[in-house]
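Here's a quick briefing to read alongside the model. Have the structure open as you go.

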Amino acid sequence: MHDVASSTLAALREQQVKVLPHYDAFLRKACQAAPPLFGDEEYADSYRQAAQDPQWLAVSLITNAEREGDGASRLWNLAASTPDPEISEQIRQHAVDESRHARAYISMLGMVFPTAVSRELMAELLTLSPGYGAHRQPQATPGSAFAHPITADDLIQMNIAEIRTRIHHLLQRPMLTSFCAPQTEEALLRVLDSLLYDETRHIAYTACLIERFAVETDPAELEALMLERMRDFDQITRQELALRVFE
């Protein structure tokens with residue numbers, strides 16, 4: 001069993017995130033009470049087995065791009081609808097990152113499998129990114145389910161999702177490099193390093209905001225919510241594993 005809580009908290013310390021008494025305890029207790037499937041070695045073996053198929057791995061990169069683009073749009077609406085300017089800016093930056101990640105996955109598709117898709121399809125796949133830039137200000141989409149001020153529940157779900165994505169990055173890295181031509185491996189590793197750094201940074205800022213919410217509200221309520229959402233993610237992961245989807 002991969003110790004999800006300990007490895008996540010160690011990664012936060014490496015990014016100079018101080019100890020967060022409430023958040024750290026919430027995560028440890030949730031992982032202990034509901035050990036996440038995505039931290040299990042059996043799960044990792046299932047991913048490695050699936051990723052030995054280059055066609056599956058290529059399609060998974062496209063799926064990753066699609067989900068990053070969709071996540072960016074959701075975050076954009078949350079950022080536009082959150083009145084606290086500091087929190088709104090953090091979410092906006094997250095959305096910009098996810099938008100860039102969608103393009104990064106398609107870029108990696110071209111690096112690892114240069115003949116997998118045509119030039120025309122490659123250009124179309126790049127549109128999976130909403131194209132948010134560093135200086136663009138978010139506006140909510142009318143009727144969006146995510147056009148509301150961010151809640152503690154949103155942050156907890158985002159945090160767990162980013163933890164899971166970080167683990168997937170660690171699983172994905174050796175599989176991609178195994179198919180990559182030697183002359184493009186260095187460029188591929190730079191993209192992978194950037195993605196891993198960003199995902200850890202996203203865990204960090206959501207963890208800090210969860211800590212802030214815990215101090216300002218009822219920490220026992222947030223602790224219970226963290227456990228509930230960890231169980232929810234485990235159920236989602238089990239359903240996706242049956243379909244050989246790893247996100």
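Contact here means heavy atoms within 4.5 Å. This is a predicted model, where local features need pLDDT of at least 70, side-chain atom pairs count only at pLDDT 80 or more, and totals for chains, interfaces and linings use all residues. Numbering runs from 1 along each chain as its sequence is written, and side-chain values use heavy atoms, with hydrogens and water left out.

**H1 against H7**
- Val4, Ser7, Thr8 and Ala11 in H1 meet Ile163, Arg166 and Ile167 in H7.
- By class, that H1–H7 contact has 4 nonpolar, 2 polar and 1 charged residues (nonpolar: Ala, Val, Leu, Ile, Met, Phe, Trp, Tyr, Cys and Pro; charged: Asp, Glu, Lys and Arg; polar: the others, Gly among them).

**The core**
- Tyr23 and Met108 touch the most other members of the largest nonpolar core, which has 74 residues (a core is a set of buried Ala, Val, Leu, Ile, Met, Phe, Trp, Tyr and Cys joined through side-chain atoms within 4.5 Å; buried means under 20% relative accessible area, exposed over 50%, partly exposed in between, with a 1.4 Å probe and protein chains only).
- Helix H8 (residues 182-216) gives the most to this core, with 12 residues (helices are DSSP runs of H or I, at least four residues, numbered from the N terminus).

- Gln16 sits in the loop between H1 and helix H2 (21-33).
- Its phi is positive, about 65°, although Gln16 is not a glycine.
- Gln16 counts as exposed because its relative accessibility is 68%.

Note on methods:
Helix = DSSP H or I, 4+ residues; strand = E, 2+ residues; numbered from the N terminus.
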